[in-house]
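I opened this model to take notes on its helices, its core and its pocket. My entries follow the order in which I looked things up.

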Amino acid sequence: MKNHIFNLLPFNNRMEMSGAEYVIKKLLAFIMIFFVSGVIGEIIVIASYTGMGYDPLHGVMPTGEIVGLVPFYGYILFSIITLLYCRIIEKRNLDDIGLTRKGLDYLYGIGIAIIMLVLITVICCISGIESFSGINTGVNGKGLLLWGIAFVIQGSEEEILCRGFLMNSLKKRVSVPLAVFISSTAFVIPHLIMTSILDSGVVYSIIGVVNLYLISVLFSIIVLWRKNIWISCGLHTAWNYILNSVLGLTVSGIDAQTEGLFVFKNNKLSILNGSEYGLEAGIVTTIITIVMICVIIYLWKGKGGDDYGIQ
């Protein structure tokens with residue numbers, strides 16, 4: 001019994017255990033990293049606001065754009081703690097995590113995000129549920145820059161934690177499809193807790209959860225295809241940034257934190273555009289994501305890529 005308990009502790013690098021024990025151990029490490037990072041982050045934010053003369057413990061907080069930006073910039077702490085855990089406990093280097101020398105793949109990820117969101121937006125406009133109203137000439141350039149940096153930090157953090165740490169650790173002991181499923185579930189659950197997706201009605205909740213799994217599978221597949229997480233960091237970052245700061249639309253049910261560069265109007269709320277939750281709970285996004293997954297698998301297999309059980 002003691003040996004089994006020791007196996008499950010996330011503070012050792014033992015590999016001599018069953019596959020089930022190994023999975024539980026990595027999930028416990030995931031939870032620990034997430035929880036510890038969140039607690040330390042909250043302490044830093046509270047201390048910072050207090051030092052600035054506010055009283056966050058009694059609801060006296062700063063106002064304006066900084067309130068929205070601080071949590072996103074705080075995600076850098078999650079990345080640091082994840083990387084330290086991988087290096088100190090798991091004895092893994094940056095290449096093994098997926099931060100290889102293929103940094104230019106970040107641009108490929110951005111390109112995939114642009115293609116997907118252009119297709120989704122065009123389809124919504126053609127169907128009449130959305131319409132393009134023009135360019136926002138009064139857009140805040142400083143805000144675009146600050147939110148760009150914020151989404152680089154936030155998107156990269158989720159990929160380092162879910163793909164770099166969890167998926168790449170799991171696939172050393174379990175099948176890759178199972179590693180993708182488990183890491184995708186770890187990706188989805190925090191979104192269920194921290195966003196309003198489950199309050200969006202049964203239909204939109206189901207579509208939204210399905211889309212979360214699909215986009216996570218897409219992230220995982222492109223990581224396996226290109227053998228680095230730069231590409232998923234680029235896709236993740238660009239996806240959120242374009243929705244928020246370029247299109248001015250909701251991201252994971254949260255209203256855009258800044259005015260978008262382009263102005264779009266929702267003419268009709270439906271399952272096509274995800275209603276009030278946004279495009280991420282829409283059927284159009286479901287279809288485009290599935291198509292993109294198929295395209296990536298085709299390109300991957302066409303070049304004789306590794307067979308990870310994905311046919």
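**Entry 1: the model.** I am working from a predicted model. Every value below is computed from it.

**Entry 2: helix H2.** I started with H2, which covers residues 19–51 and has 33 residues. I looked up its reach from the first C-alpha to the last and got 48 Å. That is close to the 48 Å expected at 1.5 Å a residue. Next I checked which residues of H2 are buried. Among them are Glu21, Tyr22, Val23, Lys25 and Lys26. Two lysines and a glutamate are therefore listed as buried here, where the cut-off is under 20% relative accessible area. Further along, the buried set includes Phe30, Ile33, Ser37, Gly41 and Tyr49. Just after H2, I noted that Gly53 takes a positive phi of about 100°.

**Entry 3: the cores.** Which residues have the most contacts inside the largest nonpolar core? They are Phe165 and Leu218, in a core of 69 residues. I then listed the helices that each supply at least two residues of this core: H2, H3 (65–88), H5 (105–126), H6 (141–170), H7 (176–194), H8 (202–226), H9 (230–246) and H10. H8 gives the largest share, 10 residues. Leaving aside residues up to four places away in sequence, Leu218 touches Met116, Leu235, Thr289, Met292, Ile293 and Ile296. There is also a second, separate core of five residues. Leu69, Trp147, Ala150 and Phe151 are among its members.

Entry 4: I turned to the largest pocket, with a volume of about 1100 Å³. Its lining has 49 residues. The closest to its centre are Pro71, Phe72, Tyr75, Gln154 and Met194. H2, H3, H6, H7, H8, H9 and H10 each give two or more residues to the lining. H2 gives the most, with 10 residues.

**Entry 5: Thr286.** I placed Thr286 in helix H10, residues 283–302. Is Thr286 buried or exposed? Thr286 counts as buried because its relative accessibility is 12%, and the cut-off is under 20%. I looked for a polar partner and found Asn211: the two side chains are joined by a polar contact of 2.5 Å. Beyond four places in sequence, Thr286 touches Ile207, Asn211 and Leu214.

**Entry 6: Gly143.** Gly143 is in helix H6. I read its relative accessibility as 0%, so Gly143 counts as buried. I also took the C-alpha separation between Gly143 and Leu69, which is 9.8 Å. These two residues are 74 residues apart along the chain.

**Entry 7: positive phi in lysines.** Most residues other than glycine have a negative phi, so I looked up the exceptions I had marked. Lys91 has a positive phi of about 60° although it is not a glycine. Lys91 is found in the loop between H3 and H4 (94–97). Its relative accessible area is 59%, so Lys91 is exposed. Lys227 also has a positive phi, near 60°. Lys227 lies in the loop between H8 and H9. How exposed is Lys227, and what is its relative accessible area? Lys227 is partly exposed, at 45%.

Notes. Residues numbered from 1 in each chain as written. Predicted model: local features only at pLDDT ≥ 70, side-chain atom pairs only at ≥ 80, totals over all residues. Heavy atoms only, no water. Helix = DSSP H or I, 4+ residues; strand = E, 2+ residues; numbered from the N terminus. Expected span 1.5 Å × (residues − 1). Buried < 20%, exposed > 50% of the residue type's maximum accessible area, 1.4 Å probe, protein only. Polar contact = N/O pair within 3.5 Å; in protein donor to acceptor, adjacent residues only side chain to side chain. Contact = heavy atoms within 4.5 Å. Core = buried A, V, L, I, M, F, W, Y, C linked by side-chain atoms within 4.5 Å. 1 Å grid on protein atoms, 1.4 Å probe; cavity = no way out; pocket = protein on both sides within 12 Å on 5 of 7 lines; lining within 4 Å. Points joined across faces, edges and corners; volume = space filled by probe spheres on them.
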